[in-house]
Amino acid sequence: MLKIFYGENRRAAEEAIKLDLGECYEIFEGENLTEGDLPSIFMGTSLFETERRMILLKNLTENASVWGKLPEYLTTEHEVIVWEPKIDKRSTTYKVLVKVGVEMREFAEMKKPEANLVFGVLDTAFRDGERAVREIERIENEQDPYMFFGLLVTQMLRKFEMSGGGAWERRILKKMAELDIQMKTTAIDPWILVKGFLLGLNKN
């Protein structure tokens, strides 16, 4: 099966790739490929002949001749994802792939959160965690959760400095450090983790 992933939201694309291909997959850089490499990639077998291969092709559109040959390998039995930061929807190859029903998934770059918005959510969470979560739910589809959390940390550091290094603020920063590690090392939706953190703030 062939899929096309594109867009500048690298983190979201990487997560989707891992969900589809797992943790272990072959990677091929488009700029290093020739047309002669494609049969072995799309039709070749692995060391275990009956095993379906998991393959990621990156930046294939930068190699025009190879990109143009892609429609010839739609019948591949392997799991193949082509990942492009940008894609020309006017190109013949793109139009052919869309016409034959190849799955296309866009990972658009999220907006950078506004500091005032983050500051408001943090202050709200201190008083009413559920209300803060509702505010998050109105914006989460348009915002990058990692950038949002980074600004939360910045705002908390300011509160810590203004308090003269208060014990309460220190405890919250410690929890933020733990959450930061969790967001980077687990498969749990980062927004779920952020919401859980905000729900617990008014209980500290």
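Let's start inside the sheet: within strand E3, Phe28 has Leu57 as its bridge partner. This is a predicted model, where local features need pLDDT of at least 70, side-chain atom pairs count only at pLDDT 80 or more, and totals for chains, interfaces and linings use all residues. Residues are numbered from 1 along each chain as its sequence is written, and side-chain values use heavy atoms, with hydrogens and water left out. Helices (H or I, at least four residues) and strands (E, at least two) are DSSP runs, numbered from the N terminus.

**Strand E3 and its neighbours**

- Strand E2 (residues 26–29) runs parallel to E3, and 4 bridges join the two; strands count as paired if DSSP finds at least two bridges between them.
- On the E4 side, 5 bridges link E3 to strand E4 (residues 79–84), again in parallel.
- Leu56 of E3 is a handy landmark to find: Ile27 stands opposite Leu56, and Leu56 also stands opposite Ile81 in E4.
- Together, E3, helix H3 (residues 64–69) and E4 form a right-handed β-α-β unit; right-handed here means that, with the strands pointing away from the viewer, the path from the first strand over the helix to the second runs clockwise.
- In the loop between E3 and H3 you will find Asn59, whose phi is near 55°, a positive value in a residue other than glycine.

**The whole sheet**

- The open sheet has 5 strands in the order E2-E3-E4-E1-E5, with parallel pairing.
- E2 and strand E5 (103–106) stand at the edges with a single partner strand each, so one side of each has no neighbour in the sheet.
- On average, neighbouring strands of this sheet are turned by 20° against each other, direction ignored; the axes are lines fitted to C-alpha atoms, for helices over the stretch in contact, and angles run from 0 to 180 degrees between N-to-C directions.

**The largest pocket**

- The largest pocket holds about 630 Å³ of space; a pocket is an open set of points on a 1 Å grid over the protein atoms alone, where a 1.4 Å probe fits, with protein on both sides within 12 Å along at least five of seven lines, and lining residues have an atom within 4 Å of a point.
- Its lining has 24 residues, and Arg11, Glu15, Tyr146, Thr186 and Pro190 lie nearest the centre.
- Helices H1 (10–21), H7 (145–162), H8 (167–185) and H9 (190–201) each supply at least two lining residues, and H1 gives the largest share, 6 residues.

- Lys195 lies in helix H9 and counts as buried because its relative accessibility is 15%.
- Lys195 and Arg134 are 61 residues apart in sequence, with their C-alpha atoms 9.2 Å apart in space.
- Lys112 sits in the loop between E5 and helix H5 (115–127), and counts as exposed because its relative accessibility is 67%.
- Lys112 and Pro145 are 33 residues apart along the chain, and 9.5 Å separates their C-alpha atoms.

Methods: Grid points are joined across faces, edges and corners, and a volume is the space filled by probe spheres set on the points. Buried means under 20% relative accessible area, exposed over 50%, partly exposed in between (1.4 Å probe, protein chains only).
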